[in-house]
Amino acid sequence: MSPVIKRGGDKFTLPSKYLLFILTIICIGLIIITFNTSAFNGVVNSVAGTFVVPFQKGITTAGTWFKTTSDNLASIRELQSENESLKQKVDELTNENTNLEQDKYELIQLRELYKLDQQYSDYSKVGARIIAKDAGNWYHSFVIDKGSDEGIDVDMNVISGGGLVGRITDVGPDWAKVQTIIADNSSVSGTVLSASENLIATGDLELYNEGQIHFSKLVDEADKVSVGDKVVTSNISDKFLPGILIGYIAEIEEDSNNLTKSGKITPVVDFEYMNEVLVITQKKNTGN
Amino acid sequence: MRRFIFTFLSIIVSFILQTTLFRYIDFGGIVPNLLIILCASYAFMRGDKAGALIGLFCGLLVDIFFGSYLGFYSLIYMYIGFIIGKFNKIFFPENIILPIGLIVSSDFVYGFVCYVLLFMFRNKYDLGYYMSHVIMPEVVYTALVAVFIYPLLIKINNYLEEVEQRSAKKFV
């Protein structure tokens, strides 16, 4: 009798440690394969899409409905939420108003300064709904209800409310995964508009609760960058289209090397209350 | 067969719930880890082999939708399932404290392994912050949900066993 396969009753059974060993090898193999190539993406994503995505769509719709209904029933809560939403709206509108004014001013400035003939409003976009959010609590990524059938592809940029949300990292026939810029493993190359200096904006789990992201590697010898300055995606980013608004600088600190600065950016997008996003169906052309 | 279908469905359903419905009732952005509850409970009820396979399947689902590469979460869930499955020898359907304890510790281990592999290796050493803002809230919330889900799973398990025994008798 071989030591690997024991005879249990009248059928062959594999001892559990060998099973575990084999499965571990398979998993590690999968990690290595998917780390280097995208061999399984098509198959696995379509299978998952047919099993899970329709339900996620349904439940999200039901969940939204359920939530609104429960809000309607509890009248006190309704009033509170209404009050809150109205306040939010006032804030939003004030913001929007100032933003619009700023935008107008900036548009002129940008067109003159950077000779940009294209603002990101000119990009063709596809609207999509968020149907599922990350299963764990470590990263901020979510799944939207449109995929390769609608022409969505990996590395397309996702925006919402006029600001950068993230980019597509995985795509199935009718779903796509979006990695947000506030996720701890994401970083974006940005430009401070007022000083046209580049920086790296990185998501940070420790800043989620404050609703901010971290930035570093800002070279600002002339001290031109100040709190409140606009940060947009830079021209040198290889995944993000240039000129998409990321947020406003909230804090600046000098690094210990006295050469660069780091600090915090407040993103324009409210990641907590995001239901719909726009996918820009145009990818950055990096020349490959 | 019935058992297989039921397990498969329950995992899919809890994954869907975890990513959709529970996102609406989160506390401070933290959702309970239903998949760990399922993985640990099934492993505890059915032993290490089933635990490892169920863990693998749970992890694979997370990998497909939210992982960067296939196999990473599968590996973590599989080992948790396998180790919890070793406790199958002391499984009694009536006891609830031990399985809840096991679920809690497996969620804690899961959180800790995630921290080490995904954050510590990227030079993020503030363990205290991650402990108090992600790992512990998740563990507590998961434990709360497990108190309701585990008895349900036990009931279904008992029912399935009964059905299996009945059909086995029929053939004898």
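**Entry 1: chain A overall**

I began with burial in chain A and found that 34% of its 288 residues count as buried. I note here that the model is a predicted one. I then listed the secondary structure of chain A, which comes to 4 helices and 14 strands. Next I looked up the contacts in chain A with a separation of 6 or more, and 56% of them join residues 24 or more positions apart.

**Entry 2: where chain A meets chain B**

I looked up the contacts between the chains: 36 residues of chain A are in contact with 36 residues of chain B. Which elements of chain A each supply at least two residues of the side that touches chain B? I wrote down α1 (16-36), α2 (41-51), α3 (53-73), β3 (125-133) and β4 (141-144) of chain A. The largest share of that side comes from α1(A), with 11 residues. I also sorted the side of chain A that touches chain B by class, and it has 20 nonpolar, 10 polar and 6 charged residues.

**Entry 3: α3(B) and α4(B)**

I turned to two helices of chain B, α3 (residues 34-46) and α4 (residues 48-66). Their axes come within 8 Å and cross at roughly 165°. Angles over 145 degrees count as roughly antiparallel, so α3(B) is roughly antiparallel to α4(B). I recorded the crossing of α3(B) and α4(B) as right-handed.

I listed the residues that make this contact. From α3(B) they are Leu35(B), Leu38(B), Cys39(B), Tyr42(B), Ala43(B) and Arg46(B). From α4(B) they are Ala50(B), Gly51(B), Ile54(B), Gly55(B), Cys58(B) and Val62(B). The residues of the contact of α3(B) with α4(B) divide into 9 nonpolar, 2 polar and 1 charged.

**Entry 4: α1(B) and α3(B)**

I checked α3(B) against helix α1 (residues 2-19) of chain B as well. The axes of α1(B) and α3(B) come within 8 Å and cross at roughly 155°, which makes α1(B) roughly antiparallel to α3(B). On the α1(B) side I found Thr7(B), Ser10(B), Ile11(B), Ser14(B), Phe15(B), Leu17(B) and Gln18(B). They meet Leu34(B), Leu35(B), Leu38(B) and Tyr42(B) in α3(B). By class, the contact of α1(B) with α3(B) has 7 nonpolar, 4 polar and no charged residues.

**Entry 5: the largest nonpolar core**

Which of the 104 residues in the largest nonpolar core touch the most other members? I found Ile144(A), Cys39(B), Ala40(B) and Cys58(B). The largest share of this core, 12 residues, comes from α4(B).

I followed up Ile144(A), leaving out residues up to four places away in sequence. Ile144(A) touches Ala128(A), Arg129(A), Ile130(A), Ile131(A), Trp175(A), Ala176(A), Val178(A) and Val277(A).

**Entry 6: two single residues**

I located Val192(A) in strand β8 (residues 187-192) of chain A. Is Val192(A) buried or exposed? Val192(A) counts as buried because it has 23 C-beta neighbours inside 10 Å. Not counting residues up to four places away in sequence, Val192(A) touches Glu197(A), Leu199(A), Val225(A), Asp229(A), Val231(A) and Ile249(A). I also looked up its separation from Tyr105(A), which is 87 residues away along the chain: their C-alpha atoms are separated by 16 Å.

I found Leu118(B) in helix α6 (residues 97-119) of chain B. Leu118(B) has 18 C-beta neighbours inside 10 Å, so it counts as partly exposed. The C-alpha atoms of Leu118(B) and Ile83(B) are separated by 22 Å, and the two residues are 35 residues apart along the chain.

Note on methods:
Residues numbered from 1 in each chain as written. Chains lettered and ligands numbered in written order. Predicted model: local features only at pLDDT ≥ 70, side-chain atom pairs only at ≥ 80, totals over all residues. Buried ≥ 20, exposed ≤ 12 C-beta atoms within 10 Å, placed from the backbone. Contact = placed C-beta atoms within 7 Å. Nonpolar A, V, L, I, M, F, W, Y, C, P; charged D, E, K, R; others polar. Axes fitted to C-alpha atoms, helices over the stretch in contact; angles between N-to-C directions. Parallel < 35°, antiparallel > 145°, perpendicular 65-115°, else oblique. Left-handed = near helix turned anticlockwise from the far one by under 90°. Core = buried A, V, L, I, M, F, W, Y, C linked by C-beta atoms within 7 Å.
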